[in-house]
Amino acid sequence: MMTAFFKKLLLFLLTITVLSCSKPSAEIPEDTALLSGYAVPPSGILSLAIAGDGSFVELEVGAEAPEQLASPFPVALSLTAVQPLADAAILAVNRLGLFRLETLTVPASKEEGQPAIRLLVEPIMADASIFQNRTIGSSWAKADKAYFLLFRHPVYADRQPANPPSVLLMTEKNTKSISLLCQKEASASLGLWDNAYAVFPVSEDSWLTQYRSETADKVLTDYADIRLVDENTELFERKPLGRASFEKMAAAIAMETAPTELQEACKMLPGPLLADAALPDGSRKSYVRGDSGEAVPAWASIHSDSSVHGGIAAILATDDWRLVLVYDNNGSLETKMINLTAPVPGARVKSAAMSAQLVILLWEAGSFPYLSCSGLYAIMPHS
């Protein structure tokens, strides 16, 4: 069934003519667009869920999700991460692969009078075995590139081994392929990510990395600060760290030190808050307000160019469906909060990003560590 799904998507893609990638969204002929992607309804919210066969299914709010057996999250077929790339985004689906999200504008018809918005979900082709025996973990974006760490989970991994246990993938905005970093035979960094367990991007070219490996009688854990020396040759420098230094560098910091856009968004939400923020330089930082043990989890994305996103400079979404938008109005920041309804009972937000002028929220439902379903909301905030 998966093969038929991809063939159908690829057939649709053959009909698309995408214009300049520098525009907030690509405008395509009306008759072609009707065959492409998923239409954002008049409500301004498109709801998609992943089905057991790997296809995307549109959901009505409150409707039952596609039938899927509950599985532990490391091996579940689920929407795991989304990384914004200017006017597009890359979606990672655990155990399946990567997809490119693009916002398409359908010209106004004589009957409707208003342009329509559609979300195109395009598979990025890669060797399926890369994803089948590994779990999608850390992810981040830098400029026009998105990075995803895939690792072999120590508890829920399949019996079939993965060699190497971990890989670091990269895909670019305008390509339909995936690169495995540090796989060049000439690279002095060959094997650098083979046992990586978690990665924390702390600057544009620096990552805190945790390693995990096993022997017959014990588990080995190491920590390092990885710095990019030469992107063309995939040359990295590895500086070993002690556990205490690693944890201190990766810990959440005070909200008062956050970018102004995020501080303004947080003013809309009362109480303790723990926000994982994707910053414009490609780094990710966690900011905390109040008692971290009682803090509400939230995800933020801050943009270097708000014009790409219809004036939105930042978004902040809590796991209980409160969405804050921060607009840049000629240098003055304005905020707006939207209270959303979960697509299925018990679903909680797990990630937030933007694709052109659409806010993308990933969600999941289940009882930890099991997931029963997952999907995404694509929201047109100006509706």
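These are my notebook entries on a predicted model, taken down as I looked things up.

**Entry 1: the whole chain**

I began with the secondary structure and found five helices and 28 strands in the chain. Next I checked burial: of the 383 residues in the chain, 50% are buried. The accessible surface comes to about 17,600 Å², and carbon and sulfur atoms hold 52% of that area. I also looked at contacts with a separation of 6 or more, and 50% of them join residues 24 or more positions apart.

**Entry 2: a visit to Ser374**

Where does Ser374 sit? I found Ser374 in strand β28, which covers residues 373–379. Is Ser374 buried or exposed? Its relative accessible area is 1%, and buried means under 20%, so Ser374 counts as buried.

I then listed its neighbours, leaving out residues up to four places away in sequence. Ser374 touches Ala49 and Ile50, then Leu77, Ser78 and Leu79, and also Trp363 and Glu364.

**Entry 3: aromatic rings**

How many aromatic pairs are there? My tally is 10 aromatic pairs, with ring centres within 6.5 Å as the cut-off. Which residues do ring pairs link into a cluster? I noted Trp140, Tyr147, Trp193, Trp207 and Phe236. For a friendly reminder to myself, a pair of aromatic rings is described by the distance of the centres and the angle of the planes.

Note on methods
Residues are numbered from 1 along each chain as its sequence is written. This is a predicted model: local features need pLDDT of at least 70, side-chain atom pairs count only at pLDDT 80 or more; totals for chains, interfaces and linings use all residues. Side-chain values use heavy atoms; hydrogens and water are left out. Helices (H or I, at least four residues) and strands (E, at least two) are DSSP runs, numbered from the N terminus. Buried means under 20% relative accessible area, exposed over 50%, partly exposed in between (1.4 Å probe, protein chains only). Contact means heavy atoms within 4.5 Å. Rings of Phe, Tyr and Trp (its six-membered ring) pair if their centres lie within 6.5 Å; planes under 30 degrees apart count as stacked, over 60 as edge-to-face and the rest as tilted. Accessible areas come from the Shrake-Rupley method with a 1.4 Å probe; for residues, only the protein chains shown count as cover.
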